[in-house]
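Hi,

Here is the model I promised to pass on. Have a look at it first, and then read my notes below.

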Amino acid sequence: MAIEEPAFDRIEQSEPFEVRQYRSMIVAETFVDAELDQASNIGFRRIADYIFGNNRSRSGSTENEKIAMTAPVTAAPAEKIAMTAPVTMEPQQPDASINAKRWRIHFVMPAQYQLSTLPQPVNNDVLLREIPAKRYAVLVFSGFAGQQKVQEKTEELLSWMRSKKLQAIGAPQLARYNPPWTLPFFRRNEILIEISHP
């Protein structure tokens, strides 16, 4: 069975680089203070726990709804700000480094859901929010996605963006599409950076 991925339109492609226009999406996210690999593991477990049933309906009438797994699992540097509403907004900073110590880890929720129909996480460290449509410059690569390789690929993407005069307006994000037991040459990873568009 195919794993659902976020919907996008490809605007430009020059392998391994792309420009994509993503549609709006709902994410389940969590914030983790750790190095990239450890933050990814902790964040993955928290959100997997939510989608595998550690949740309750908004009406409180049912519990433990299973939500289909999607891909990718995304990690982005994050800076915590004060909570101003029931959903904490923690923006990415355009100058944030892939060597950050605080990460926002998120899964995109299946397209069948709206924010009002998703079950509520039981764990207060898992948050739900809608992300509006955005445009990204993307670099696709295989193999392991350790911190050093991610930094190298981020620099490659930034260099390509400069050559295309694309303006970054968000921090780099790492998207991983495969489970950890996948052989390196079968792995699909991406670096995404939000860009401005006319």
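One definition before the notes: I say that a charge sits over a ring if NZ of Lys or CZ of Arg is within 6 Å of the ring centre and within 35 degrees of the ring normal. By that test, Arg 20 lies over the face of Phe 8, at 4.4 Å from the ring centre. Likewise, Arg 188 has its charged end over the ring of Tyr 177, 3.6 Å from the centre.

Some ground rules. This is a predicted model, where local features need pLDDT of at least 70 and side-chain atom pairs count only at pLDDT 80 or more, while totals for chains, interfaces and linings use all residues. Residues are numbered from 1 along each chain as its sequence is written, and side-chain values use heavy atoms, with hydrogens and water left out.

On confidence: pLDDT (the predictor's confidence in each residue, from 0 to 100) averages 86 over the protein, and 86% of the residues score at least 70. The stretch to watch is residues 80–96, where pLDDT stays under 50. Where pLDDT is low, the predicted coordinates should not be read in detail.

Now the layout. The protein has two helices and eleven strands (DSSP runs numbered from the N terminus, H or I of at least four residues for helices, E of at least two for strands). Their order from the N terminus is β-β-β-α-β-β-β-β-β-β-α-β-β. Of the 198 residues, 45% count as buried; that means under 20% relative accessible area, with exposed over 50% and partly exposed in between (1.4 Å probe, protein chains only). Among contacts (heavy atoms within 4.5 Å) with a separation of 6 or more, 73% come from residues 24 or more positions apart.

Strands pair if DSSP finds at least two bridges between them. E9 pairs with strand E2 (residues 17–22) in the antiparallel sense over six bridges, and Phe 17 stands opposite Leu 139 there. E9 also pairs with strand E11 (residues 189–194), again antiparallel over six bridges, with Val 138 opposite Leu 192.

Helix H2 (residues 147–163) brings in Lys 153. Is that lysine buried or exposed? Lys 153 is buried, because its relative accessible area is 17%. Leaving aside residues up to four places away in sequence, Lys 153 touches Leu 139, Phe 141 and Ile 191.

Last, the rings. There are five aromatic pairs in the structure; rings of Phe, Tyr and Trp (its six-membered ring) pair if their centres lie within 6.5 Å, and planes under 30 degrees apart count as stacked, over 60 as edge-to-face and the rest as tilted. Phe 8 and Tyr 22 have ring centres 5.1 Å apart and planes at 45°, so the pair is tilted. That pair links Phe 8 in strand E1 (residues 8–14) to Tyr 22 in strand E2, 14 residues apart. Phe 8 is partly exposed at 22% relative accessible area, whereas Tyr 22 is buried at 5%. Tyr 22 also pairs edge-to-face with Tyr 136, at 5.5 Å centre to centre and 85° between the planes. This second pair joins strand E2 to strand E9 across 114 residues. Together, ring pairs link Phe 8, Tyr 22 and Tyr 136 into a cluster.

Cheers
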